[in-house]
Amino acid sequence: MSNADLLKELRIDRSQREDHGNQGSGRWLWIIGAIVIVLVFIAAAGWMLLGHRAIAVQTAVAVLPTSESEAGAVLQATGYVTARRQATVSAQITGTLTDVLIEEGDRVRKDQVLARLDDSGYRAALDSAKAAAGAAHALVAQYQSQLAQNLRDAYREKNLAAQGLVATQLAEQARTLADSTRSQLVSQQRQAVSADAQVTEAQVNFDYCVVRAPFDGVITTKDAQVGEIISPFSAGGGFTRTGIGTIVDMESLEVDVDVNEAYIGKVKANMPAEAVLDAYPDWKIPAHVIAIVPTADRGKATIKVRVALEHKDARIVPDMGVRVSFLDVKPQATTPAPQGVLVPATAIVQRDGRSVVFVLERDKVRQRAVTPATQAYGDLRLLPAAVASGDSVVIAPPPELHDGSDIEIKPASP
């Protein structure tokens with residue numbers, strides 16, 4: 001075969017080149033299509049995740065209005081149960097806990113032992129102070145004996161000098177020695193008093209190793225464990241506890257309510273009232289106004305009112321939500337309770353030109369159209385229909401909340 005024939009064999013036919021080119025273009029189209037499908041899938045998955053993200057909201061319980069409160073109530077407001085006397089119990093010295101004798105829910109009495117600190121160092125200091133005080137008092141006794149002897153010698157020398165048997169100088173020296181011993185005795189007595197004070201100080205520090213309850217109450221939190229260092233001062237590093245636990249005097253529970261400035265004129269000191277806990281909407285607790293706190297909240301335009309609960313019960317605990325009806329001294333004639341339920345005014349929002357509320361159903365909310373009554377009950381509104389007593393409604397629903405949204409209940413700040 002000649003060279004010309006070999007060259008013809010190596011030549012690529014035009015039709016074959018076009019076929020290979022078409023195959024390459026098809027392969028790229030398939031790759032691009034697969035990438036687009038993957039991106040669409042990722043976008044859809046992200047939308048589903050974000051679209052089902054739980055929204056943090058606060059809720060309130062819808063309650064029934066009562067005929068008694070309607071008849072005599074001049075104002076209604078919501079608030080929280082607070083304790084006038086509560087304390088975070090701590091030690092007055094820094095030390096390591098060796099015993100913690102409390103748990104949440106325990107009832108304790110005044111001066112009951114709550115915890116103990118390692119007292120080995122303070123015990124040694126107390127023993128040392130007692131030993132020093134004993135030595136100081138021994139020196140006092142020694143100087144007292146020496147002074148008595150010097151006084152007798154001075155008296156004897158004085159009589160002998162008066163009889164001319166010894167020189168007057170010897171009598172003066174004996175008297176000077178007695179006076180010097182008296183001064184030493186006084187100085188040593190002062191040192192003994194100082195040593196006694198040091199014993200008292202060491203005893204106080206030693207007693208601080210035992211932490212006692214300041215008053216009768218209930219333990220609500222336990223903040224430290226055996227082996228941790230407790231100190232009345234914050235260490236800043238997070239390894240030192242500043243409190244052992246919190247004790248609350250349940251007899252000091254009362255209600256703090258925020259009353260709108262526009263209605264505060266209707267509230268008077270010692271005014272009768274009625275409190276209803278959100279947790280027990282059918283339980284009416286007699287109450288009365290303790291005081292109107294003479295300061296306003298600029299941000300909320302409200303004034304705090306303290307309300308005393310006339311009947312205490314184990315069901316009443318701090319930070320519970322309460323609805324308070326301030327009653328007129330001269331109640332009006334009893335009228336039937338209005339139909340419907342009371343909800344916070346902030347729970348009612350506008351959606352598509354309609355008044356709606358969002359009612360909690362498990363971990364989701366359902367939007368319900370409502371028609372609030374024209375009469376206001378403080379910061380509450382009456383809903384004649386669509387919401388039942390005991391339903392939980394969302395307070396101040398955010399704009400992104402809609403029918404069927406997943407929610408997460410966040411605690412209300414008192």
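Which residues of α4 are buried? In this predicted model, the buried positions of the helix are Leu126, Ala129, Ala133, Ala136, Val140, Tyr143, Leu147, Asn150, Ala154 and Ala161. The cover over these buried residues includes α5 (168–207). Helix α4 itself comprises 43 residues, spanning positions 120–162. From its first C-alpha to its last, α4 reaches 63 Å, close to the 63 Å expected at 1.5 Å a residue. Gly164, which follows α4, has a positive phi, near 80°.

The strand arrangement was examined next. An open sheet of five strands is present, in the order β7-β6-β4-β9-β10, and its pairing is mixed. The edge strands are β7 and β10 (240–241), each of which pairs on one side only. Within this sheet, β6 (residues 113–117) has four of its five residues buried, and the strand is therefore largely enclosed by the rest of the structure.

Strand β6 is joined to strand β7 (residues 210–212) by three bridges, and the two run antiparallel. Strand β4 is in turn connected to β9 (residues 229–230) through two bridges, with the strands running antiparallel. The bridge partner of Gly95 in β9 is Ile230. As a general point, side chains in a regular strand alternate between the two faces of the sheet.

The largest pocket holds about 1300 Å³ of space. Its lining consists of 44 residues, and those nearest the centre of the pocket are Thr78, Gly79, Tyr80, Asp379 and Ile395. Two or more lining residues are contributed by each of β1 (55–61), β2 (73–83), β12 (253–260), β15 (302–309), β16 (321–327), β17 (341–344) and β22 (380–383). Of these elements, β2 gives the most to the lining, with seven residues. Classified by residue type, the lining of the largest pocket contains 22 nonpolar, 12 polar and 10 charged residues.

How values were computed: Residues numbered from 1 in each chain as written. Predicted model: local features only at pLDDT ≥ 70, side-chain atom pairs only at ≥ 80, totals over all residues. Heavy atoms only, no water. Expected span 1.5 Å × (residues − 1). Buried < 20%, exposed > 50% of the residue type's maximum accessible area, 1.4 Å probe, protein only. Contact = heavy atoms within 4.5 Å. Pairing = 2+ DSSP bridges. 1 Å grid on protein atoms, 1.4 Å probe; cavity = no way out; pocket = protein on both sides within 12 Å on 5 of 7 lines; lining within 4 Å. Points joined across faces, edges and corners; volume = space filled by probe spheres on them. Nonpolar A, V, L, I, M, F, W, Y, C, P; charged D, E, K, R; others polar.
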